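Reader: I have the sequence and coordinates open on my screen. Could you walk me through the fold with a few questions and answers?

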Amino acid sequence: MKRKASVVFILLLLFSSFSSGCLSEKIKEVLLEENHGIPGSLSMACLRSDKHTNLEFEIVYEAGYRPETSSINLLKERISDVCDKPSGIQFDYIETTFPSNLESWSADDVREQGWALKDGHPHNTNTLQWQILFPSGTYEDESVLGVAVDASTIAIFKDSVEEAEGFFGRPSAEEVENSVIVHEVGHLLGLVNLVYESPRPHEDPDHPGHSNNDNSVMFWAIESTSLMNFITGNLPNEFDDDDIADLNDLKNENIAITDQLWMP
Ligand SMILES: [Zn+2]
């Protein structure tokens, strides 16, 4: 069973990097044209407080799929450490029912369902709005736990998160969810190298958009059901020193950033 998961994982890389890490040029063009941006296009809006003094996460979930309180608390803690938000970080919960034919989600489905529920553009007011969908069902590649599909939209697939629980509950599904939620929001911040080039060589050349450090929450295996095949010890749920240094360099304009929907 473990061996099978590894084989599935090789295939996953092609797809997951498509939806979070390296988008094809064509998809990137369409997203920027529609003003939805790519993951990382609202990085400056989060890191800085010049315009966006607070950050609101819209949590859209189906009945039975509400995220764990520990995931939300951890996310708030991790983002408070890197984004300057003097008026705070808020969470708005919306229970919904997605179309019943959506058992297998594509990146387009996530964008479509997300944007149908957004009120206005995520960066138009002083509140930066990021959205996390928790639907029933799975991604089209069932080994994918979470995806970041544009500058403000993420989906976490709890049915697959349950599948990723380790033997004897270590890590537990709750711990996996904790890490995946921080990982996907890390992509919205532009990690790793999505909208900039780090002076620190921590992007894994074989897994674009991801860290080569298995102690970073941005490690490439974090969004896959087979994550424990690649991680020794505890599941990471923190940005590592290189991730933090990248975000500080971006915030302080020490390194160039591209594809931003908002700039100070
Ligand atoms: Zn990822």
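Reader: Among contacts between residues at least 6 apart in sequence, what percentage join residues at least 24 apart?
Author: Keep in mind that this is a predicted model. The chain has eight helices and seven strands. Counting contacts between residues at least 6 apart in sequence, the share that joins residues at least 24 apart is 73%.

Reader: Thanks! Which strands stand at the edges of the five-stranded open sheet?
Author: The order of this sheet is β2-β1-β4-β7-β6, and its pairing is mixed. A strand at the edge has a single partner, so one of its sides is left without a neighbour in the sheet. The strands in that position are β2 (89-95) and β6 (146-148).

Reader: What does the twist average from one strand to the next?
Author: The sheet in question is the open one with the order β2-β1-β4-β7-β6. From one strand to the next, its twist averages 20°.

Reader: How many bridges join β1 to β4?
Author: Strand β1 covers residues 54-61 and runs parallel to β4. One place to look is N54, which stands opposite T127 in β4. The number of bridges joining β1 to β4 is eight.

Reader: And on the β7 side, which residue is the bridge partner of L133?
Author: Strand β4 (residues 127-134) and strand β7 (residues 153-156) run parallel and are joined by three bridges. Q131 stands opposite T153 in β7. For L133, the partner in β7 is A155.

Reader: How many of the eight residues of β4 are buried?
Author: For the chain of 264 residues, 47% count as buried. Strand β4 is largely enclosed by the rest of the structure, because the buried residues among its eight number seven.

Reader: At what angle do α4 and α7 pack?
Author: Two packed helices are described by the angle between their axes and the distance between the axes. For α4 (residues 69-82) and α7, the axes are 9 Å apart, and the crossing is right-handed. The contact is made by S70, S71, L74, L75, R78 and I79 of α4 and E174, E177, N178, I181, V182 and V185 of α7. These helices pack at an angle of about 35°.

Reader: How do the residues of that contact of α4 with α7 divide?
Author: Among the residues in the contact are L74 and R78 of α4 and N178 of α7. The whole set divides into six nonpolar, three polar and three charged.

Reader: Is D50 buried or exposed?
Author: D50 lies in the loop between α3 (43-47) and β1. Its C-alpha atom is 9.1 Å from that of N126, 76 residues away in sequence. The cut-off for this class is 12 or fewer C-beta neighbours. D50 has 11 inside 10 Å, so D50 counts as exposed.

Conventions. Residues numbered from 1 in each chain as written. Predicted model: local features only at pLDDT ≥ 70, side-chain atom pairs only at ≥ 80, totals over all residues. Helix = DSSP H or I, 4+ residues; strand = E, 2+ residues; numbered from the N terminus. Buried ≥ 20, exposed ≤ 12 C-beta atoms within 10 Å, placed from the backbone. Contact = placed C-beta atoms within 7 Å. Pairing = 2+ DSSP bridges. Axes fitted to C-alpha atoms, helices over the stretch in contact; angles between N-to-C directions. Left-handed = near helix turned anticlockwise from the far one by under 90°. Nonpolar A, V, L, I, M, F, W, Y, C, P; charged D, E, K, R; others polar.
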